[in-house]
Amino acid sequence: MATTTRYFAGPWWKRQDFRRTGILWVILTPIIGYFCSEIQVGAMGAPASEVMATTEHLMRVFTWAASPVAAFVAAMAIVSLLGKRHHGNTPPPDSEDVIETSPRSIAVWMVSSALLCLFALVVGMVALQKDNAALLDPKAIQVNVTGQQWVWNFDYPGDGGVRSQVLHLPVDQPVVFHVTSKDVKHSFWIVQMGIKIDANPGESTETSVTPNKIGTFDIRCAELCGLLHAYMQNKVIVQSKEDYAAWLASQPNSTANTWTEPGAAA
Ligand SMILES: [Cu+2]
């Protein structure tokens, strides 16, 4: 008959290894939270739209909320690796099972997991609701976006069929993108504005944004679309309203380049 070796007869939360885990947990939580959120959000760059500002804030909040979980796993791993080594040729003694079967420990992890899930759901829904507000704005500029291996083309249907490979936008003006593809699936991504949507052949997908910063930002393809996918990069130049109008006026209007609704007769 197997006998269970118990190292400590008292309640599990008074055990030495549990206390060590607790202390490490308290130390590691702010370190992991700070480095993960700052490195992650820092790598995303300064936001060039409200959507991106909301996204970065959300990532910071979620990373901080997740850091106690990551720190707890790390603390348990460190305490186990350093304190539970077994030497010699004899088999290690049976592990203690007091934590696994303790109703109190089960209640703690179930309630904390449920609260974390609920928190992520509510905060995420609130942020999501703010996105794409410009889609319904009647004053929004309409831009048709066509992806093809391996470049993006931008058509301004309201302006006589101007077509450009560099996207020009006026600052503080909502813009709606109608996105499609000529060949395979691409994904239209304006990095610093935090918008990304699939470009599907034969379909039109919509997304919108209001750029709130003058400058040059990155457009990338975010869907592996072939050999030169990594080079499928364009620029977006956000200008003052006057500069934007001057740029539009300087472009040759070519109705031959007018974007056609996917599926419409050519
Ligand atoms: Cu692509």
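This is a predicted model: local features need pLDDT of at least 70, side-chain atom pairs count only at pLDDT 80 or more; totals for chains, interfaces and linings use all residues.
## Strand E5 and its partners

Strand E5, made up of residues 175-181, is mostly covered, with five of its seven residues buried. E5 pairs with strand E1 (residues 141-148) in the parallel sense, over seven bridges, and within E5 it is Ser181 that stands opposite Gly147.

E5 is also joined to strand E8 (residues 205-209), in this case by five bridges and with the two strands running antiparallel; here Val175 stands opposite Val209 of E8.

## The largest nonpolar core

The largest nonpolar core comprises 29 residues, and those with the most contacts inside it are Val145, Phe188, Ile190, Met193, Val209 and Val236. At least three residues of this core come from each of domain 1 (12-83 + 98-130) and domain 2 (134-257). As a general point, nonpolar side chains in soluble globular proteins tend to be buried together.

## The surroundings of Val145

Once neighbours within four places in sequence are left aside, Val145 is in contact with Trp152, Phe154, Phe177, His178, Val179, Phe188 and Ala199. One of these, Phe188, is itself listed with Val145 among the residues that have the most contacts inside the largest core.

Terms used: Residues are numbered from 1 along each chain as its sequence is written. A residue is buried if 20 or more other C-beta atoms lie within 10 Å of its own, exposed if 12 or fewer, and partly exposed in between; C-beta atoms are placed from the backbone. Helices (H or I, at least four residues) and strands (E, at least two) are DSSP runs, numbered from the N terminus. Two strands pair if DSSP finds at least two bridges between them. A nonpolar core is a set of buried Ala, Val, Leu, Ile, Met, Phe, Trp, Tyr and Cys residues joined through C-beta atoms within 7 Å. Domain bounds come from an automatic or database domain assignment. Two residues are in contact if their C-beta atoms, placed from the backbone, lie within 7 Å.
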